[in-house]
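I opened this notebook to record a helix and the charged side-chain pairs of one model. The entries below keep to what I looked up.

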Amino acid sequence: MGTSDAERALAVARLVENDVAGIDVNMGCPKEYSTKGGMGAALLSDPDKIEKILSTLVKGTRRPVTCKIRILPSLEDTLSLVKRIERTGIAAVTVHGRKREERPQHPVSCEAIRAIAEALSIPVIANGGSHDHIQKYLDIEDFRQATAASSVMVARAAMWNPSIFLKEGLRPLEEVMQKYIRYAIQYENHYTNTKYCLCQMLREQLESPQGRLLHAAQSSQEICEAFGLGAFYEEMTRELNARRAELLARTPEAAAEPAEDTSGVIKMAVKFDRRAYSPQITPKMCLLEWCRKEKLAQPVYDTVQRPLDRLFCSVVTVAEQKYQSTLWDKSKKLAEQAAAIVCLRSRGLPEGRLGEESPSWHKRKREAIDQDPEGSRNQEHTVPGELCKKLFVALGSGEESRLGGW
């Protein structure tokens with residue numbers, strides 16, 4: 001986790017401790033989005049805060065706590081910091097052998113990591129060797145020995161070619177990318193992440209014909225087509241859709257009737273998954289369109305954020321009736337979409353899911369564009385909903401993957 005507050009870090013750790021093997025605090029990230037909030041490498045200049053965060057987590061959670069740091073300008077200050085960190089009771093520390101202002105093109109200091117490893121009694125994990133030291137599997141052990149560390153953390157070298165963990169040696173990049181794409185489609189990885197990872201693998205080949213096709217891809221299907229996997233995409237999409245339909249048919253969410261509580265709010269346990277809807281249609285759009293058609297006041301959304309985990313819940317009011325999803329979501333927009341789904345399902349109305357678009361919606365959209373090509377872009381119902389990036393995977397226990405591992 002990235003954090004600058006001990007109590008908030010503990011609250012989050014307690015939320016996830018039953019689902020994880022350990023809690024790690026990132027104190028090495030130099031990016032502005034992290035440091036401007038006092039997190040990441042910004043903590044390196046505040047040892048008191050580091051000690052408070054780690055001590056609070058060690059005492060308050062049932063999982064081992066670790067942290068990752070960068071080295072300070074002087075070795076003396078670095079050793080003083082890591083000894084203070086060790087006294088908090090953490091289980092291990094990862095050391096990126098560069099200073100806060102240094103980047104991958106700067107050499108990693110194996111000597112500094114070695115000095116830390118020799119000074120501490122807890123495990124030290126060496127990091128930062130991808131650029132100069134780690135090009136193949138055997139280099140990982142060489143880097144560990146050069147730093148006297150207990151183990152090695154590999155990041156960029158693993159992105160460039162994940163087969164670096166094969167003892168038999170690197171596999172051809174084309175083979176690796178093909179296999180990665182198949183996994184990404186099978187587990188419904190969002191295409192933007194798939195595209196990013198493939199770009200990291202291609203690197204200097206991004207200007208090749210295949211690289212240009214990848215750069216232009218705007219969906220998982222287009223990525224597959226760029227790599228000659230169009231037929232695989234179609235086959236896997238059919239299988240996933242069939243599996244999803246089967247699961248929905250037997251889940252309480254799909255079978256249960258909407259429930260009305262004592263406050264008069266109709267509630268259902270639903271979430272909005274952007275992938276299940278047509279590209280330009282969302283439940284909020286469908287609900288607004290229906291209200292206009294029925295000459296009702298437009299839906300009113302009342303959204304709140306829960307302080308503990310900063311999740312959102314929304315209640316939508318339509319024709320003086322309130323609707324709400326009982327599942328909290330990571331953004332205000334997603335929570336509002338979920339509330340709209342509850343309303344539409346309660347009334348038996350189309351919600352825009354793939355295969356059930358309302359013809360009147362397309363008719364109204366075409367008429368608006370014909371009447372005002374420019375102004376229509378600013379209408380609420382033509383703005384695509386937020387892309388839901390959360391990944392959902394449903395595999396039966398004991399099910400054997402059709403994609404064998406390396």
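**Entry 1. Basis.** I note that this is a predicted model, in which local features need pLDDT of at least 70 and side-chain atom pairs count only at pLDDT 80 or more, while totals for chains, interfaces and linings use all residues. Residues are numbered from 1 along each chain as its sequence is written, and side-chain values use heavy atoms, with hydrogens and water left out.

**Entry 2. Helix H9.** I took helices as DSSP runs (H or I, at least four residues), numbered from the N terminus.

I then looked up burial, where buried means under 20% relative accessible area, exposed over 50%, and partly exposed in between (1.4 Å probe, protein chains only). The buried residues of H9 are Tyr191, Thr194, Lys195, Cys197, Leu198, Cys199, Met201 and Leu202. Against which helices do the buried residues of H9 pack? They pack against H7 (156-160), H8 (173-186), H10 (209-216) and H11 (220-226), with contact meaning heavy atoms within 4.5 Å. Just after H9, I found Arg203 with a positive phi of about 50°.

**Entry 3. Salt bridges.** I counted as a salt bridge any side-chain nitrogen of Lys or Arg within 4 Å of a carboxyl oxygen of Asp or Glu. Side chains of opposite charge can pair when their charged atoms come close. The structure holds 13 salt bridges.

I looked up Arg84 and Asp48, whose side chains meet in a salt bridge at 2.4 Å, N to O. Arg84 lies in helix H4 (residues 75-86) and Asp48 in helix H3 (residues 47-60), so the pair ties together parts that are 36 residues apart in sequence. Arg84 is partly exposed at 25% relative accessible area, whereas Asp48 is exposed at 52%. Asp48, Glu51 and Arg84 are linked in a salt-bridge network.

**Entry 4. Two further pairs.** Glu336 and Lys332 form a salt bridge at 2.6 Å, N to O. Both lie in helix H15 (residues 332-346), four residues apart, about one turn of the helix. Is Glu336 buried or exposed? I found Glu336 buried, at 6% relative accessibility, while Lys332 is partly exposed at 42%.

Glu175 forms a salt bridge with Arg171, with the closest N and O atoms 3.0 Å apart. Glu175 is partly exposed at 30%, and Arg171 is partly exposed at 37%.

How values were computed: Helices (H or I, at least four residues) and strands (E, at least two) are DSSP runs, numbered from the N terminus.
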